[in-house]
Amino acid sequence: MERQARRGGPIAIGGFSAKTVEDRTDDVREHDQAPQLRRRLGRADLRAVPEARRALRELLGQWGKHGQSDVAELLTSELVTNAIVHTEHDAVLTATVGPRGLRVEVRDFVARRPRPRAPVADEGTNGRGLFLVQSLADAWGVRPHGVGKAVWFELGAGAA
């Protein structure tokens with residue numbers, strides 16, 4: 001699994017500079033007890049973007065993080081939009097909250113890895129999604145997942 005984070009030592013990955021964090025295994029008991037959102041995203045269904053934001057806001061509200069979900073919603077929107085726009089398949093959104101914070105993952109069924117790129121002023125709002133994720137998430141990455149990949153980010157308990 002590849003991990004990049006805002007805190008840690010620099011490393012060159014795929015032509016851009018990112019930072020790494022230690023890989024850790026998830027405690028199965030913590031994962032089972034953690035509140036979780038799971039949604040199937042239909043192919044090319046852009047209605048899934050605001051629906052995902054609303055569902056995440058509800059999940060974070062149940063977690064007791066009222067008013068702190070703006071960054072989480074923005075980054076979730078970016079991952080969901082990328083999966084819907086750049087693949088021709090369904091995707092699956094999973095968001096899990098726990099004592100360490102929030103983890104959001106969007107799995108699609110296309111092996112092609114996303115490439116973050118620096119935004120260019122003349123390109124309007126296109127091309128900024130992964131740059132935002134890289135800039136605002138405490139950790140993020142891409143991992144192979146069966147017949148595709150999962151793009152994920154984490155926000156610490158104070159940020160989510």
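Contact here means that heavy atoms lie within 4.5 Å. The structure is a predicted model, in which local features need pLDDT of at least 70, side-chain atom pairs count only at pLDDT 80 or more, and totals for chains, interfaces and linings use all residues. Residues are numbered from 1 along each chain as its sequence is written, and side-chain values use heavy atoms, with hydrogens and water left out.

**Figure 1. Helix 3 and helix 4 meet through residues from both elements.** On the side of helix 3, the residues in contact are V71, L74, L75, E78, L79 and N82. On the side of helix 4, they are G129, L130, L132, V133 and L136. By class, this contact has eight nonpolar, two polar and one charged residues. In this classification, Ala, Val, Leu, Ile, Met, Phe, Trp, Tyr, Cys and Pro count as nonpolar, Asp, Glu, Lys and Arg as charged, and the others, Gly among them, as polar. Helix 3 spans residues 70-86 and helix 4 spans residues 129-136; their axes come within 9 Å and cross at roughly 145°. Axes are lines fitted to C-alpha atoms, for helices over the stretch in contact, and angles run from 0 to 180 degrees between N-to-C directions. The crossing of helix 3 with helix 4 is left-handed, a term used if the near helix is turned anticlockwise from the far one by less than a right angle, whereas clockwise gives right-handed.

**Figure 2. The chain contains four helices and eight strands.** Helices (H or I, at least four residues) and strands (E, at least two) are DSSP runs, numbered from the N terminus. Along the sequence, these elements follow the pattern β-β-β-α-β-α-α-β-β-α-β-β. Of the 160 residues of the chain, 42% count as buried. Buried means under 20% relative accessible area, exposed means over 50%, and partly exposed lies in between (1.4 Å probe, protein chains only). Among contacts between residues at least 6 apart in sequence, 61% join residues at least 24 apart.

**Figure 3. T87 lies in the loop between helix 3 and strand 5 (91-98).** T87 is buried, because its relative accessible area is 7%. The side chain of T87 reaches the backbone oxygen of A83 at 2.5 Å. A polar atom of the T87 side chain also lies 3.5 Å from the backbone oxygen of H89. Setting aside residues up to four places away in sequence, T87 touches N82, D108 and V110. From C-alpha to C-alpha, T87 and R112 are 9.1 Å apart in space, although 25 residues apart in sequence.

**Figure 4. E154 belongs to strand 8 (residues 149-156).** With a relative accessible area of 11%, E154 is buried. The side chain of E154 makes a polar contact with the side chain of R103 at 2.8 Å. A polar contact is a pair of N or O atoms within 3.5 Å; within protein, one must be able to donate a hydrogen and the other to accept it, and residues adjacent in sequence count only if both atoms are side-chain atoms.

**Figure 5. R43 is placed in the loop between strand 4 (36-41) and helix 2 (48-63).** R43 is exposed, because its relative accessible area is 57%. Not counting residues up to four places away in sequence, R43 touches E88, H89 and D90.

**Figure 6. P144 is found in strand 7 (residues 139-144).** P144 is exposed, with a relative accessible area of 62%. Beyond residues up to four places away in sequence, P144 touches R113 and K149. P144 and R112 are 32 residues apart in sequence and 9.6 Å apart from C-alpha to C-alpha.

**Figure 7. P114 occupies the loop between strand 6 (101-108) and helix 4.** P114 counts as partly exposed, because its relative accessibility is 26%. Apart from its neighbours within four places in sequence, P114 is in contact with L130, V142, K149 and V151. The C-alpha atoms of P114 and L130 are 8.1 Å apart in space, and the two residues are 16 apart in sequence.
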